[in-house]
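Biologist: I'm new to this one. Can you walk me through some helix packing and ring pairs?
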Amino acid sequence: MKYSILFLLSIFLFLATRCENEYATKVDLLSNMDTTANPAEDFYRYAAGGWIDSHPIPEDESDYDVTIEIQRKVDKQIVDIINDLRAHKQKPESNKDIIVRFFNSGIDTAKTYSDGLKPLQFLFDSIDNIKSKSDLQNGIAILQKYCINAPLDFECGPNPTNTNYFICKIFDYGMALYDREYYLNDNYSEIIDTYKQHIEKMMLLFGLDSTISKQSANAIYNIEHEIAKITPTGNSSLFSSKSLEMSFDDLSAATTIDWEKLFTQIDCPKPKRILLCCGLEYIQGLTKLLETIPTDDWKIYFKYSSS
């Protein structure tokens, strides 16, 4: 069975926090262990074997650990709170009223199916206004304003090398399957074939005919495949050796992307320094892809990413 690599740490943290709980007894602690296991041979099993045995991985999860269990409990508590709000009339436009209406919109499946892609039409219209290569960065900005990260993700947070100040971070985020190995390793060919079929079905939902859907799916996959080639190995969010801190002016000089315009478009003040968590090579490679891949292919990729 597959369990999180951080499971051991999380189980101990979970048990430690429960010391303030009435159930935090010696018996409870021991029940989460497997004292029949030899800790010198399998400490993981010794420390958490009891919990693993009593918590099989649910069918709707790919793995399971204490953090997921806690999240499920928190989610249920949130739903209970919202349902309590829904049971009472709220003052119009109050925070509670907004929460209730937002929640109701998410569970109204009849309206969701009826609306189809209509709620995204304003995004599609903006993307359709892209007319040339010079407009392509507008697509990145359009998606980023609505927290849709493709093919870049902009964030602001503590500088990992100096946590005394915040810094703008740019991550690679251009592949739906996220891990580059899916695209570049032949061992995953079956998964890729299934994924291509998924993209094609999505295009059919866009209202395209079967021929155009297949062509669009191929264009989208081709962009993701090319992005995989320039994506650094490993997870850029872990600040790998590819990460690079540089000034805004140096970044502007290193690529043809109009960064000042892009930051203005996403309503972000121009930063003095930037941390390229994806590495400069990714940014430069993406610049070339924006220049060489047909504009219409990028437009359908942006639409697919927004859905």
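Modeller: A term before we start: a crossing is right-handed if the near helix is turned clockwise from the far one by less than a right angle, left-handed if anticlockwise. This is a predicted model, with local features needing pLDDT of at least 70, side-chain atom pairs pLDDT 80 or more, and totals for chains, interfaces and linings using all residues. Residues are numbered from 1 along each chain, and side-chain values use heavy atoms, without hydrogens or water.

Biologist: OK. Which way does H11 cross H14, left-handed or right-handed?

Modeller: Right-handed. The axes (lines fitted to C-alpha atoms over the stretch in contact, angles 0 to 180 degrees between N-to-C directions) of H11 (residues 210-230) and H14 (residues 280-292) come within 9 Å and cross at roughly 150°. That makes H11 roughly antiparallel (over 145 degrees) to H14. Helices are DSSP runs of H or I, at least four residues; strands are E, at least two.

Biologist: Which residues make the contact?

Modeller: Glu226, Ile227 and Ile230 of H11, with Tyr282, Gly285, Leu286 and Leu289 of H14. Contact means heavy atoms within 4.5 Å.

Biologist: New topic. How many aromatic pairs?

Modeller: The whole structure has 13 (ring centres within 6.5 Å). In one, phenylalanine 122 and tyrosine 146 sit 5.2 Å apart by ring centres, planes at 75°, so they are edge-to-face (over 60 degrees). Phenylalanine 122 is in helix H7 and tyrosine 146 in the loop between helix H8 and strand S1, so the pair ties together parts 24 residues apart in sequence.

Note on methods:
Parallel < 35°, antiparallel > 145°, perpendicular 65-115°, else oblique. Phe/Tyr/Trp six-rings, centres within 6.5 Å; stacked < 30°, edge-to-face > 60°.
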